[in-house]
Amino acid sequence: MTLYQPFLDHAISYIKLRLDLSPYPIPREFESKSAIVGKGKNQETVVTSSYAFRTPKLRQIRAAHVQGGKALQVLNFVIFPQLNYDLPFFGADLVTLPGGNLIALDMQPLFRDEAKYRAKYTEPILPMFQAYHERLSWGGDFPEEAQPFFSPAFLWTRPKETRIVETIVFEAFRDYLQAYLDFAEQAEPVKDPRNLQAIKEAQLQYTRYRADKDPARGMFKRFYGEEWTEEYIHGFLFDLERSLSSVS
């Protein structure tokens, strides 16, 4: 069962079609990692594969794809803009566990409460969000501390049927990605030093929060151990702070 492979295949082929990509370095130990979990008839091989690219406007386009048979399917696909652009983050968390599916799609804002920023990056996609929101029921409450990192166009749902993931969720993923790349295509570099500092601080706040609260941490620890997990989170998934430290 490779529920999210079509999502990953589409994303990679589409960004290659739209963007002039360069490889983003992936430490060798993170390119692919496997573990055998369960016992007897319930034994499964879990494989985590990593992919990453970059462009002049987008610092890191990366995916973590976890395949563990019927018990576990995960795709985490995130785009981090370069620090001299005010673009939001593209974030897709697609998770299937024995208890069901958890889907989160958003263009996560740098400055959620600024009216000009919302007018630039959130309001244009609200009709798209509303159309999918009517087809995908709201996934319920999420932590209050996380709310500043999500936009009013946050698509959060827990579809019960795999068919819905394969159809409606796939359409939403495709449309959100297209809209994001449209924003990136139109984006102009920021030059004002104060604005550049604000972007840097907002990106660091976001990546620190995501690294500290990564819901996959426990899963990865069970499969691959604590040392590998913490290095994967801080050295690849959310590596901005490391990247800045290496050039300072």
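Here are some notes on the pockets, the nonpolar core and the aromatic pairs of this predicted model.

1. Start with the largest pocket, which has a volume of about 850 Å³. Its lining is made up of 36 residues, and those nearest the centre are D93, V95, R210, K213 and P215. Strands 4 (58-67), 5 (73-81), 6 (89-97) and 7 (100-108) each give two or more residues to this lining, as do helix 6 (193-212) and helix 7 (217-224).

2. What is the make-up of that lining by class? The largest pocket has 24 nonpolar, 9 charged and 3 polar residues in its lining. Worth a look on screen: D93, R210 and K213 are among the residues that lie nearest the pocket's centre.

3. The second largest pocket holds about 230 Å³ of space. Its lining consists of D86, F111, E114, K116, Y117, K120, V190, N195, A198 and I199. Helix 3 (115-121) and helix 6 are the elements that give two or more residues here. Sorted by class, this lining has 5 nonpolar, 4 charged and 1 polar residues. Helix 6 turns up in the lining of the largest pocket and in that of the second largest pocket.

4. Now the core. The largest nonpolar core has 86 residues, and the members that touch the most others are F77, L87 and F90. Which helix gives the most to this core? That would be helix 5 (residues 162-186), with 13 residues. As a general point, nonpolar side chains in soluble globular proteins tend to be buried together.

5. Leaving aside residues up to four places away in sequence, F77 touches A11, I61, R62, A63, F90, G91, A92 and L177. F77 also belongs to one aromatic cluster together with Y4, F7, F90, F170, F173 and Y180.

6. Take F90 and F173, an edge-to-face pair with 6.2 Å centre to centre and 70° between the planes. Why does this pair tie together parts that are 83 residues apart in sequence? Because F90 lies in strand 6 while F173 lies in helix 5. Both of these phenylalanines are buried.

7. For contrast, look at F220 and Y224, which form a stacked pair: 6.1 Å centre to centre, with 25° between the planes. Both sit in helix 7, 4 residues apart, or about one turn of the helix. F220 and Y224 are each buried.

8. Staying in helix 7, M219 is found there too. Is M219 buried or exposed? With a relative accessible area of 11%, M219 is buried. Its contacts, not counting residues up to four places away in sequence, are V66 and L72. From M219 to V78 the gap is 141 residues in sequence and 19 Å in space, C-alpha to C-alpha.

9. Last, T207 in helix 6. T207 counts as buried because its relative accessibility is 3%, and the cut-off for buried is under 20%. T207 touches F80, F238 and L240, again not counting residues up to four places away in sequence.

Methods:
Residues numbered from 1 in each chain as written. Predicted model: local features only at pLDDT ≥ 70, side-chain atom pairs only at ≥ 80, totals over all residues. Heavy atoms only, no water. 1 Å grid on protein atoms, 1.4 Å probe; cavity = no way out; pocket = protein on both sides within 12 Å on 5 of 7 lines; lining within 4 Å. Points joined across faces, edges and corners; volume = space filled by probe spheres on them. Nonpolar A, V, L, I, M, F, W, Y, C, P; charged D, E, K, R; others polar. Core = buried A, V, L, I, M, F, W, Y, C linked by side-chain atoms within 4.5 Å. Buried < 20%, exposed > 50% of the residue type's maximum accessible area, 1.4 Å probe, protein only. Contact = heavy atoms within 4.5 Å. Phe/Tyr/Trp six-rings, centres within 6.5 Å; stacked < 30°, edge-to-face > 60°.
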